[in-house]
Every structure is written in structure tokens, then in C-alpha cells.
Amino acid sequence: MADLLPGRTGLMVRLLAKPGQRPVLLDALHRYADELVEAEPLTEAFVMCLDPQEPNAVWLFEWFNGPTGQDEHRASAPFAVLISELQQVLKDEPQVLPLEPLRMHLNVGPNL
């Protein structure tokens, strides 16, 4: 499945946990992700990735639909809880790179 993504905004975010705190960070992110469908309908993608070269880092890729999607994301109650929790476990401020998602390809066929 391949789709063009006009009207979307996105973010690539690098989160660096305090030493040994990546499991706590991941727990907070998992709980946040579980609430996205109801709380943030304009958040269309939320991808969490482990950094294989930095044991305390997590990368996020997010994209939002429409001109208000990112604003609604930042204003949601689950996001406020997440930010509060992140303040306890992050070593540094999040590194945020704004993006304009252009195209998505997702292979949904059987594993070969």
C-alpha cells in the first residue's frame, strides 16, 4: 500500500533517557500510545524506535492530519501526562525535527 500524504505535518523526535531509565521512558510512551485513537484523532502515525547505538535513546516519528492536528496533539490530556512523566526520566531536552510527510509505503502482505 502506498499513499501520498498531502496536508500532513510531522515530527522526528529523539528522546534521551537518564542512564538506565529507558524502560521507564518506554512504559510512559506505550501508555500514551494506547490513548491516541480516542484523544488525538488527527494523530495518524506514532512510531517508536529503539536506537541500536545509544542504549538510553528512543526515536519517535509522528504525523498529523490537517492544519490543527499538531496543535490538538499538544493540547491533549494524554500528552500533558506524558510531558510530566518525561520530565522525570529525560537526561536532555527532546530533539525535535519538523517534517512534511510526503509519501508512505507499508507492506501489509504475508512475511516471506
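Which strand is R8 found in? R8 sits in strand β2, residues 8–16; helices (H or I, at least four residues) and strands (E, at least two) are DSSP runs, numbered from the N terminus.

Before going on, this is a predicted model, where local features need pLDDT of at least 70, side-chain atom pairs count only at pLDDT 80 or more, and totals for chains, interfaces and linings use all residues. Residues are numbered from 1 along each chain as its sequence is written, and side-chain values use heavy atoms, with hydrogens and water left out.

Back to R8. Its side chain makes a polar contact of 2.7 Å with the side chain of E44. A polar contact is a pair of N or O atoms within 3.5 Å; within protein, one must be able to donate a hydrogen and the other to accept it, and residues adjacent in sequence count only if both atoms are side-chain atoms. A polar atom of the R8 side chain also lies 2.8 Å from the backbone oxygen of P6.

Now let's turn to helix α4. Its buried residues are P78, F79, L82, L86 and V89, where buried means under 20% relative accessible area, exposed over 50%, and partly exposed in between (1.4 Å probe, protein chains only). Seen down the axis of α4, these buried residues fall within an arc of 90 degrees, so they line one face of the helix; the arc is that of the directions from the helix axis to the C-beta atoms. On the other side of α4, you'll find A77, Q87 and Q88 exposed.

Finally, look at the start of α4: S76 caps its N-terminal end, with a side-chain oxygen 3.2 Å from the backbone nitrogen of F79.
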